[in-house]
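Here are my comments for a reader who is meeting this structure for the first time. Please keep the sequence and the model side by side while going through the points.

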Amino acid sequence: MKDKGKLLMLLMIGSETFFFIALIIGYVYYRNFTEATDTVAQHLDAVRAGIFTLFLIASSGTLMISKRALNKENFKGFNIFLLLSIVLGIVFITGQVTEYIGLYQKQITLSKDVFGSSFFTLTGFHGFHVILGILALLILLIMSLGKLRRVSIAGFGGVEVYWHFVDVVWLFVFYFVYITPLL
Amino acid sequence: MINTDFFITPDNWSFAGIILSVLVIAAYLLFLKTKTSQKAYFIVTVILLYVSFGSPIALLRDYGLHSLTMLQHIVLLMIAPILFLKSIPSNTILFSEKFKLNILQQPKNYYLMFWWLSAVMMWGGHFLSAGILSAETGTSICGITATKDSWITAIPESLILSLLFIAGILFALPVFNPVKSKRLAPLKSVIYLFTACVSCSLLGLYVAFSASTDTLNSSLTAFTTLRSPVPLTLRADQELAGMLMWVPGCILYVLASVSILLSWYEENPVEKSETAIHTAK
Amino acid sequence: MIAVLPFYNIQVLEYTNFLYWSFVIVAAIILGLVTFFTYRYTTKYKAKSPKDKPQNGSLNHKFEAFALITSFLITVFFMFFTVQSMKEIQTIPDDPKPDIIITGHQWWWEAEYPNSKVITSNEVHIPAGKKVLLALNSADVIHSWWVPELGRKIDMIPGMTNYMWMYAEKPGEYLGTCSEFCGMQHARMRIRVIADDEANFKKWQEEQLEPVITEGSALFEKGRNLFEQKTCTNCHAINGTSYNENIGPNLTHFASRKRFLGDFKEVNATNLRAWLHDPQKVKEGAKMPNFILSDQELNALVEYIIHLK
Amino acid sequence: MSLFINIQEGEDQLPEVTSDKGRLLWISSVDHKQLGIMYLWLALFFFIIGGLEAMLIRAQLAVGDNDLISPEFYNQLFTMHGTTMIFLVLMPALIGLATYLIPLMIGANEMAFPRLNAFSFWMTCLGGFLMYFSFFAGGAPDAGWFNYAPLSESNYSSTQGVDYYLVGLILTGMGSIGAGLNFVTTILTLRSPDIKLNMLPLFAWMIFINGFLILAAFPLLNAGLFMMLIDRQFDAHFFIPSSGGSAILWQHFFWSFGHPEVYILALPAFGIISEVIPVFSRNKIFGYKFVAASTVAIALLAFGVWVHHMFAVGMTNTVNGFFAASSMLIGIPTGVKVINWIGTLYKGSIRMTVSMMFAVAFLIDFTIGGLSGASFAIVPIDWQLTDTYYVVAHIHYVFLGGTAFGIFAGIYYWFPKISGRFLSEKLGKWHLWLFVIGFNFTFLVQHVLGILGMPRRIYTYPSRFGSWEIFNMISTLGAVMMFVAIAVFLWNLFITLKKPRTAPKNPWEAWTLEWATNSPPDLKNFEEVPRVHSRRPLWDLANPDNPDKRLN
């Protein structure tokens, strides 16, 4: 493989997958197989979360478009769509933060019960990964605006894969956290 | 009572199935020129298919034996497809160079797609089976609940089993394609199989460890009437199912990986290219 | 003194014994072969001088296949007997009705006999010659019940009840120990199981159910009052009185027991006095607080508790 | 055809350090050789600390009813001893050797990500020192190295020790993941163009597989550690049964990491042995295919056996039975490896150097460890012997008699390459014999102690148990012998490092690429890399008339 950075990122994603599998197992375990109360589950708004999910998916799409622009050496398009991805990512994070605030106002917290613990841990770690991804994209954007164009493009492969990964993980999290209680 | 009677009652053995199997085997032996080992693989495949679809074992499912369903699924999803692909000669039209379905020409074009497709079919198939069982018994199976006697019971079980077999073939194709040049590189096949193992393990884990007393108690009444003759407790049955999915399934892929690697260590591109030059002349 | 290997003649241990000895034999053969060939080759093929040319000899590769098949067969053998003996040792009915419920505490044991309603601590009595079903759980952290001569080992996990069979063929005292690390005094959380014959066991149960003595010498009375004043009753229950908090060991027939503090000290006035005087000095980390009792108070309390027969 | 090819990387990929002179430069170094050496020093440092802890433990247990050490301190000691030896000694030592050797073995000048390499090292270092800082911050972790909940939760472990344990392990875990990432990418991308993946030296192959194991296993631990940290710091309830959590789930997380971890520590040692034995037997490894393929089988199976640490937890016979089967099966590929190593001795021309003697000691002691491990797969035996000194003996036979002997063999073997000097063979033999005899004295009797019913992790035992006392005394005396052996080893290191550099390029007439460089290698490892056509490139160069079978 030519792109060392992308290879490294792929391996790291493989590793992170196991991390999230462990967290999801924890979540499913407490959700399904203990007598944990469902207070948090009852307060989750799947529709709202679904809308924010669309933002995150869209950000993956815009990132792909910006990659295509990069391959055609259309730097303007590249920058615009990169910026768009970042904005969409930030929208998603904003959604998550406001959701947390809403839940905390309803006294649903990390320490309320075991379901709260696993819910906030799982979504929190995902949110943390999204923030890291946004930072990486920002760095790419800033570098591509400046003189370091060549370097930023070299790092693009890795960051792109990472961003898609964060996106896919969210789909699983969304399914297990928001959809399964409805089934 | 499940005893030898159950197995020797001719009614429980599908006669049409036997005829069909014999015909298929005969056709294979007559029309295809293959190695002896391939013939053996094919015969075993047909026997496995027959046992899964037409033998009393298929009927035992009706006792709500979760572990047996899982065994059936493993055979159809993992064992039979590999044997089947191994038994197909490389000049079969579907796989040969002449067959110009572009996507099948290079494994890198389709392996990801097939992985996902078969993973979805595997999980979907299992959940559908659980759903049917749930609808038949009116209880929840591994957290899956269907309304009693809902439309879902109309789906014939054999359809799901056939789908699983097809999913198995699709899944095994990138690694066990009869044409060697269309296979994934050895190390990539190992990773491909390993990722499948992870997926498989998760299902096994889920099934095995969801067998807590609490979840089972709710379904106890329905099952005791259904399967009073079976000498397995409900919990043991479900754990057995999960563990079967997990341990033998994974060991099968580990063995496949190791056998792929063993031939890869010996691989000698020099010899290969020399013979290639030889044939070119 | 615990002895696992000279197992008693009961099924549980027979199986374990058989498996262990056949394992030891197989292992000894394998180890013997490895040692022998390593020794033989390293001496036989030792280079005579540093300039010896490499010989590049090689064993036949069929040898690997042979080893694979042999070890697989050994595996099948042990697997078969493992499954068999697991079934023998650990078949618990779907709807278990335990004879004794044992709860692990940091660092002592509580035993409850649901049939006779006896509650005791640290010293478990069982009838000899009869299989007893134990239910095990824990009040705080994970403990593990292990009386090697009487059956398997099983963890006691908070929030979960485990079951196991225990069987003593002959009357006698059997020692065991908590074998999951459970905090500071894990070492001093030992078990004493006393197997009585049927008649003695019945007698013991009846004795345990007898009401507690409430009257005695003046010192005894003083001790009883102190027991209430010093808030001993907040943790310790004495059946037949209004003290029924089961946080610490049940003291109803305390003096009928041979040892206390998780089989650590013999029950006698001296040990009891030392314990009440400064629990942390006797068993560091124990949950028992130091009530800073005066000498008279100590005498009275000891007098009271030592008469709880 | 030329015998050498030029290496493909440009100068810009080399570390920015221009000289290896000056001590301070080591701190900022990103050179894989310097980092490898620092890893080894770190491991040695913690090895001494962990060893001293072990000596205190043995001193306390030498006689019954001993009150040399308070129970509280004893619990901290054995917790820290276990954690230190596994995460701060064996891991860094193996990663250090790999960091030093992998680029050399595959004809590269650097790791794929030199800065990540430095990051990994400093993370491990930080995690280790943070964990030890807990001694000065109110108390070290005291819940055992596997830290079972709920004993490790705040209501039962009130000091900050466990928090230090959690944070320390998360940091070292990140370091290990970084190292794993680096090994895999380096091997995949920086190999000399001649080297196909199936031509890797066995050590490199094992590290390659090990990289994947690290990548898959450590995240599982990290997830558990984070959950427990959240429990302790933010009052969550993951592992607290009294408020709805599950004590068992922690065990599942820990052991689904913990068992692969055993192989993470064993595989590189297997790799070292597979390098040392052939070189000193002057013989090709018997069955490269089997050794390499069984490694893959072990790595894959390693994730399906963890419940055998939990047979006594009270799971049903069905679950236990399947895990017993998979645990027994994983013994088979491991056992076949021993046959491969012994087969390599056959018709060799064996030179009994200290390195080779450690490898031979490894063969026998690791077999004992493997066999006693197999006895735990037999569930009824496990139901008697788990959590007794039998387990203690087993784990030490695997980690000390297995991995540590492997590391010693590797250190005596590669020391001339790393430092340019030979460790004294005479002192080395003292070290070896004292250590091996002391080791077997210490731990062989512990099997018996376990069978006699002595549970592990007890700070004392009643002195009325006479036989316990005798065996414990033997064990302690053995430990003293090992202590002396390590002193001899340190003395050996000390005097050797004062000697001038005299080692030639290839003193052992070995066959892998690292021996084609200077001893010690220059900052840029290879000006030109020898052409490689087989698994033994230097053999082909030395014996042009009788080369190995070509593989490319």
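Predicted model: local features only at pLDDT ≥ 70, side-chain atom pairs only at ≥ 80, totals over all residues.

1. Residues are numbered from 1 along each chain as its sequence is written, chains are lettered from A and ligands numbered from 1 in the order in which they are written, and side-chain values use heavy atoms, with hydrogens and water left out.

2. Chain A has six helices and zero strands, which gives the pattern α-α-α-α-α-α along the sequence; here helices (H or I, at least four residues) and strands (E, at least two) are DSSP runs, numbered from the N terminus. Of its 183 residues, 52% count as buried, where buried means under 20% relative accessible area, exposed over 50%, and partly exposed in between (1.4 Å probe, protein chains only).

3. With contact taken as heavy atoms within 4.5 Å, 79% of the contacts in chain A between residues at least 6 apart in sequence join residues at least 24 apart. The accessible surface of chain A, computed by the Shrake-Rupley method with a 1.4 Å probe, comes to about 8600 Å², and 70% of this belongs to carbon and sulfur atoms.

4. Chain C brings 81 residues to its contact with chain D, and chain D brings 87 residues. The buried area, which is the accessible area (1.4 Å probe) that two parts lose on being put together, summed over both, is about 7200 Å² between these chains, with carbon and sulfur atoms giving 69%. C:Glu64, C:Met86 and C:Phe181 supply 10% of the area that chain C buries against chain D, more than any other three residues.

5. Which side chains meet in a salt bridge between C:Arg188 and chain D? The partner is D:Asp65, at 3.4 Å from N to O, and this is the one salt bridge that the rule finds across the interface of chain C and chain D; the rule asks for a side-chain nitrogen of Lys or Arg within 4 Å of a carboxyl oxygen of Asp or Glu.

6. Over all chains, a search of the whole structure finds 18 salt bridges. One of them, in chain A, joins the side chains of A:Glu160 and A:Lys67 (3.7 Å, N to O). This pair links distant parts of the chain, 93 residues apart, with A:Glu160 in helix H6 (residues 149-179) and A:Lys67 in helix H3 (residues 46-71). A:Glu160 is buried at 6% relative accessibility, whereas A:Lys67 is partly exposed at 31%.

7. In chain D, the side chains of D:Arg232 and D:Asp163 form a salt bridge (2.9 Å, N to O). D:Arg232 lies in helix H5 (residues 202-234) and D:Asp163 in helix H4 (residues 161-189), so the pair ties together parts that are 69 residues apart in sequence. D:Arg232 counts as buried at 9% relative accessibility, and D:Asp163 counts as buried at 7%.

8. D:Glu527 and D:Lys524 also form a salt bridge, their closest N and O atoms being 3.9 Å apart. Here D:Glu527 is exposed at 56% relative accessibility, while D:Lys524 is buried at 19%. In chain C, salt bridges that share partners join C:Glu173, C:Arg192, C:Lys258, C:Arg259 and C:Asp263 into one network.
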